[in-house]
Amino acid sequence: MSNPVLSVRNLETTFTTKLGPFRAVNGVSYDINAGETLGIVGESGCGKSVTSFSLMRLIEKPGRITNGEAILNGRDLLKLSESEMEQVRGGEMAMIFQEPMTALNPVLTIGRQLDEQILKHRHVSKKEARDRSIEMLRLVGIPSPEKRYEAYAHQLSGGMRQRAMIAMALSCDPKFLIADEPTTALDVTIQAQILELIQDIQEKFNMTVQFITHDLGVISEISDRVMVMYGGQTCETATAKDIFNSPRHPYTVALINSRPKFGHRVDKLQTIEGSVPAPHELPRGCPFQNRCPNALEICKTNRPPLEKMGANLVACFNPM
């Protein structure tokens, strides 16, 4: 196995509230190899986005990273100064945000925002930056890129805004890309186009990708490996094939069973009983215990370690 591009170990991100501190990310560890796509999946509030914002060092108060390391190309992102991180962010690593309308600056043109990114990380003239911006808009499939270069975010459709966001993320040739639910707000046709675009660009530039979503269909299409999260912790991780064909954690199984299957008609979809507890209400021991059909007494008091079970890594005392 090649050396991982990104190696995360025991990552903890804590938020301080009136009800006390709680860990939105609680001891998460994983690796991503060169050219690989890791899909991170789970319900809303499970810690997917906070994990990625922690890597980007974009956690704001009352949150803070309280433990762990994140080694990207030999450097611990969590130990870099803010000025050093500013050079890494947008250069070596980049992020496609979930909602481009709020991520893009509404009072600056798309071209101006692209130019700023390129001028910050590359030693080029303003004309070269402009040419690069237009080239990137063309690369991501935006028609009439010279015209869109002069446009503002509100003048573009949702799909075009997302393409512009992707162009900005890729403008300085990052080796590691985080995509935080980049297709959530798009209709299925545009969603498919964006997924195909990300895959094509990943192959062209040999990028390493961390793809966050709650959509198992997207995960199965785009990921080489999958990490399932719940309650800020890793439940299970394996190749996409093993996750879908041989899931072991009860939560993974429940997620897969709750998804409609093409060609199979059912009168009632399976559901996961209960709801995700608020972070400060997570039970001691396994965070999934109060919704788990396989829960044992030990699950109430002990946190299950992530251990190898066949081809999968599973955190469960009573796996499927």
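Mentor: Helices (H or I, at least four residues) and strands (E, at least two) are DSSP runs numbered from the N terminus, and H4, which is helix 110–121 here, gives the most to the lining of the largest pocket, with 5 residues. This is a predicted model, in which local features need pLDDT of at least 70 and side-chain atom pairs count only at 80 or more, while totals for chains, interfaces and linings use all residues. Residues are numbered from 1 along each chain, and side-chain values use heavy atoms, without hydrogens and water.

Trainee: What makes a residue part of the lining of the largest pocket?

Mentor: A pocket is an open set of points on a 1 Å grid where a 1.4 Å probe fits, with protein on both sides within 12 Å along at least five of seven lines, and a lining residue has an atom within 4 Å of a point. The largest pocket has 20 such residues, of which Arg-89, Gly-90, Phe-97, Gln-117 and Met-168 lie nearest its centre.

Trainee: Which other elements supply at least two residues of this lining, besides H4?

Mentor: Strand S6 (93–96) and helix H7 (158–170) do.

Trainee: What does the volume of the largest pocket stand for?

Mentor: The value of about 520 Å³ is the space filled by probe spheres set on the grid points, which are joined across faces, edges and corners. For the second largest pocket the volume is about 370 Å³, and of its 18 lining residues Asp-31, Arg-225, Thr-237, Ala-238 and Leu-313 are the closest to the centre.
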